[in-house]
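Dear colleague,

Please find below the structure that I am handing over to you. My findings follow directly after it, grouped by topic.

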Amino acid sequence: NKLSNKQKKAIYNLLNNKPHKILDNHIVSPINNPIDTSVNIQLDNQLDNQLDRYIDKTINSTDSYQYIPQVKEKLTIIYLKNELKINEHLLMKYLVNYSWIFYLKVDRNIKPTIETLKSFGLKDKDIRIIISSNPSILGINYDWTLPEKIISIQKMYILSKASLIRLLTLQPYLLTCSIDRNLLVNSYLTDEMGFEVNEVRYLIMNNPKITMIGINALRKYWQILTLTYKLSNYLARKICLRYPYILSNTITNNLTNRLTFFTTYLSIYQPDEQLVKLITRYPPLLTINVNLLCL
């Protein structure tokens, strides 16, 4: 893909160890943000040609360092491209939003982090998925913080190695959340909502997004089940286990219309044993768009 002059300037400053230039030029995505015309981003022909050759050749080959000065000493982008197989689209996204990653040293930062992840059984493809989704993981302290977080997640949910790998690839943001925050969410699921440890494990393995839900949101979803629909705690847990995706914003969307649908179209009023049976047998009814049912 053809890069904007601003992105080319960012690459050049990055490769020549000028991070302050990246900040001074306000590097932003040209798609989502208007270009700041007050900033001089014109490149001379020599630099423009130099960068074009780098983009076309160097990024795909570790033998083409001569096109940009000092590239040989800064192999992070080459390592991410050739070793971890991160595609160019994501590399450009990192350049714009996570430019600090390219200042990490391959031997002192990137490789030790990868080795730490591999020590827990993750393969190259798993690591690629994790870093593609959450590149900030590369900045976690690999000696202590990263292994401590992984071990805490495994112990918290009592996960096998295979389940741990699956959870981390499905929800890599667990690794950039604090241990205390992850414990707080788990405690709410067990202490306040009453799920057993094995039930929590089932929930998060079938809907990993639950681990990223805040306490206030979880409380809101639970109150809709127990107060709005008048379900007992036991039945609310049973419905969640039958359909883990019910713990999401979909249960709050069109809530008023959904209640109207029950009363107007189904002639079911709350609290009603018939409504409880209907919800228990078909939990997705609490999340689907009832407007479509009324057409």
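In α7 itself, which spans residues 124-133, the buried positions are Asp126, Ile127, Ile130, Ile131 and Ser132. Please bear in mind throughout that this is a predicted model.

**The chain overall**

The chain contains 16 helices and zero strands. Of its 295 residues, 47% are buried. Contacts between residues at least 6 apart in sequence join residues at least 24 apart in 68% of cases.

**Helices α12 and α13**

The axes of these two helices, α12 and α13, come within 9 Å of each other and cross at roughly 125°. That angle makes α12 oblique to α13. The crossing of α12 and α13 is right-handed. On the α12 side, the residues that meet α13 are Trp222, Leu225 and Thr226; on the α13 side, their counterparts are Asn233, Ala236, Arg237 and Cys240.

**Aromatic pairs**

A pair of aromatic rings is described by the distance of the centres and the angle of the planes. With rings paired when their centres lie within 6.5 Å, the count comes to three aromatic pairs. One of them is formed by phenylalanine 195 and tryptophan 222, with 6.2 Å from centre to centre and 65° between the planes, an edge-to-face arrangement. This pair links distant parts of the chain: phenylalanine 195 belongs to the loop between α10 (179-192) and α11 (197-206), whereas tryptophan 222 sits in helix α12 (residues 215-228), 27 residues apart. Both phenylalanine 195 and tryptophan 222 are buried.

Tyrosine 243 and tyrosine 245 form a tilted pair, because their ring centres are 6.3 Å apart and their planes stand at 55°. Tyrosine 243 counts as partly exposed, at 23% relative accessibility. Tyrosine 245 is also partly exposed, with a relative accessible area of 43%.

**Polar contacts of serine 248**

Serine 248 lies in the loop between α13 (233-242) and α14 (255-265). A polar atom of its side chain is 2.8 Å from the backbone oxygen of tyrosine 245. The side chain of serine 248 also makes a polar contact of 2.7 Å with the side chain of threonine 250.

**Two buried loop residues**

Leucine 286 is placed in the loop between α15 (273-281) and α16 (290-293). Is this residue, leucine 286, buried or exposed? At 0% relative accessibility, leucine 286 counts as buried, since the limit is under 20%. Leaving aside residues up to four places away in sequence, leucine 286 touches Leu225, Tyr229, Ile246, Thr250, Ile251, Arg258, Phe262 and Ile279. The C-alpha atoms of leucine 286 and leucine 259 are separated by 9.5 Å, the two residues being 27 residues apart along the chain.

Threonine 211 is found in the loop between α11 and α12. With 2% relative accessibility, threonine 211 likewise counts as buried. Which residues does threonine 211 touch, not counting residues up to four places away in sequence? They are Tyr157, Gln171, Leu174, Arg181, Val185 and Ile204.

With kind regards

Definitions and conventions: Residues are numbered from 1 along each chain as its sequence is written. This is a predicted model: local features need pLDDT of at least 70, side-chain atom pairs count only at pLDDT 80 or more; totals for chains, interfaces and linings use all residues. Side-chain values use heavy atoms; hydrogens and water are left out. Rings of Phe, Tyr and Trp (its six-membered ring) pair if their centres lie within 6.5 Å; planes under 30 degrees apart count as stacked, over 60 as edge-to-face and the rest as tilted. Helices (H or I, at least four residues) and strands (E, at least two) are DSSP runs, numbered from the N terminus. Buried means under 20% relative accessible area, exposed over 50%, partly exposed in between (1.4 Å probe, protein chains only). A polar contact is a pair of N or O atoms within 3.5 Å; within protein, one must be able to donate a hydrogen and the other to accept it, and residues adjacent in sequence count only if both atoms are side-chain atoms. Axes are lines fitted to C-alpha atoms, for helices over the stretch in contact, and angles run from 0 to 180 degrees between N-to-C directions. Angles under 35 degrees count as roughly parallel, over 145 as roughly antiparallel, 65 to 115 as roughly perpendicular and the rest as oblique. A crossing is left-handed if the near helix is turned anticlockwise from the far one by less than a right angle, and right-handed if clockwise. Contact means heavy atoms within 4.5 Å.
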